[in-house]
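This report covers a charged side-chain pair and a helix packing contact. The sequence and structure come first.

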Amino acid sequence: MTNQPYGSYGSYGGHGSYGAQEPHVPYQQPQSQPHVQPQAWPGQGYDDPYADQQHTQQWQGQTWETQMQPPVAAAPAAPPVQVPEPAPVGGGEPEPEYGPATLAGNARITDAQRARAEGRSPIIEPGTQPAVLTAVLGLLLAGGAALGTYALLVPLVVLQGVTAAGWFRLNGMWPARQGIALGFLGALVADAAMLLSDRSPGVLLGTLGVWVLLSLVLQLRSHADPDERMYGLMATVVAAALAIAAGGYLAADADAVVAGAVAVAAAMVVRALPVGTAASAVLALAAGAGAGYAVGGMSSEGALVGAGAAVCALIGHRVASYDYPSRFVHFTAGVALPLAAAGPVVYTLGRVLG
């Protein structure tokens with residue numbers, strides 16, 4: 001189509017032309033229809049009688065469409081490009097950065113480290129209630145020994161189980177059902193072997209040797225990290241050793257068991273008194289020796305057995321107080337370790353002095 005001048009499309013009233021009309025067809029306005037506002041081309045000036053009306057019909061505010069339509073959400077910004085950090089030399093993993101200990105807690109450090117950083121003592125003693133439980137268990141051991149071997153076996157088995165569980169929790173390993181079960185099983189095997197061998201103490205060492213090898217084999221089959229396997233091996237061996245060593249009450253003479261168990265009970269009750277640490281330790285040692293003397297036939301042998309048992313009980317009590325332990329540690333290791341640690345000494349002193 002050949003472009004033609006704008007004026008060839010027709011005009012209307014001298015006000016300009018319609019650019020949307022068909023070519024060569026002049027526009028004729030019907031007489032019966034209202035006047036339609038013509039649109040002017042840019043740059044073409046003419047007087048529009050409806051200019052004022054046209055401007056008044058323009059909406060400046062929000063219309064129905066703008067109120068009803070939801071706003072268009074902006075597109076999310078693209079995440080920044082993460083630059084990979086270079087691997088450390090030697091192929092090892094980078095060391096984590098540990099923050100300082102705070103009162104709010106820091107999961108990356110132990111309770112003992114947090115206590116030291118905040119100026120508090122990492123040693124918390126079990127207190128009165130565990131001491132009372134230790135005294136009750138000691139009296140049960142003494143009463144069982146006075147009644148007979150099988151009566152002694154019942155509180156002894158309880159002592160051995162609580163010892164294995166308390167040692168694992170004292171070392172921060174929980175849950176450790178396999179290690180606790182292994183240590184407790186070693187104690188039960190040692191008890192059965194002593195009953196079959198007429199309470200021969202040699203089976204305690206034999207059972208302990210076998211259990212060390214068994215614990216080593218089980219840890220070698222573990223898929224944990226080397227450090228964790230070493231910690232697990234040491235905790236299992238020591239828990240089994242303590243539980244088996246508590247069987248010394250079963251191998252000892254009945255009089256020595258009565259003197260030693262009562263001495264531990266008296267020493268722990270006195271140790272829980274609200275006095276200074278040094279003073280309570282001295283008083284506990286004196287109470288243990290006095291209790292052994294009283295129940296040991298008013299003899300020096302009973303006093304020596306009681307004093308030796310009290311010393312071991314104080315050592316076990318101190319171990320159970322270490323490393324800022326929890327309440328569970330106090331009611332397991334805090335109860336059992338004083339009695340378990342005194343078992344071999346009660347047997348030895350009973351044999352030597354008897």
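This is a predicted model: local features need pLDDT of at least 70, side-chain atom pairs count only at pLDDT 80 or more; totals for chains, interfaces and linings use all residues.

The side chain of Arg271 forms a salt bridge with that of Glu125, at 2.5 Å from N to O. The two residues are 146 positions apart and belong to distant parts of the chain: Arg271 lies in helix 10 (residues 254–271), while Glu125 sits in the loop between helix 3 (111–117) and helix 4 (128–147). Side chains of opposite charge can pair when their charged atoms come close. Glu125 has a relative accessible area of 30%, so it is partly exposed. The structure holds one salt bridge.

## Packing of helix 10 on helix 12

Helix 10 also packs against helix 12 (residues 300–320): their axes come within 8 Å and cross at roughly 50°. Because of that angle, helix 10 is oblique to helix 12. The crossing is right-handed.

On the helix 10 side, the contact is made by Ala256, Ala259, Gly260, Ala263, Val264, Ala267, Met268 and Arg271. Helix 12 contributes Gly302, Val305, Gly306, Ala309, Ala310, Ala313, Leu314 and His317. By class, the residues of this contact comprise 11 nonpolar, four polar and one charged.

## Where the two features meet

How values were computed:
Residues are numbered from 1 along each chain as its sequence is written. Side-chain values use heavy atoms; hydrogens and water are left out. A salt bridge is a side-chain nitrogen of Lys or Arg within 4 Å of a carboxyl oxygen of Asp or Glu. Helices (H or I, at least four residues) and strands (E, at least two) are DSSP runs, numbered from the N terminus. Buried means under 20% relative accessible area, exposed over 50%, partly exposed in between (1.4 Å probe, protein chains only). Axes are lines fitted to C-alpha atoms, for helices over the stretch in contact, and angles run from 0 to 180 degrees between N-to-C directions. Angles under 35 degrees count as roughly parallel, over 145 as roughly antiparallel, 65 to 115 as roughly perpendicular and the rest as oblique. A crossing is left-handed if the near helix is turned anticlockwise from the far one by less than a right angle, and right-handed if clockwise. Contact means heavy atoms within 4.5 Å. Ala, Val, Leu, Ile, Met, Phe, Trp, Tyr, Cys and Pro count as nonpolar, Asp, Glu, Lys and Arg as charged, and the others, Gly among them, as polar.
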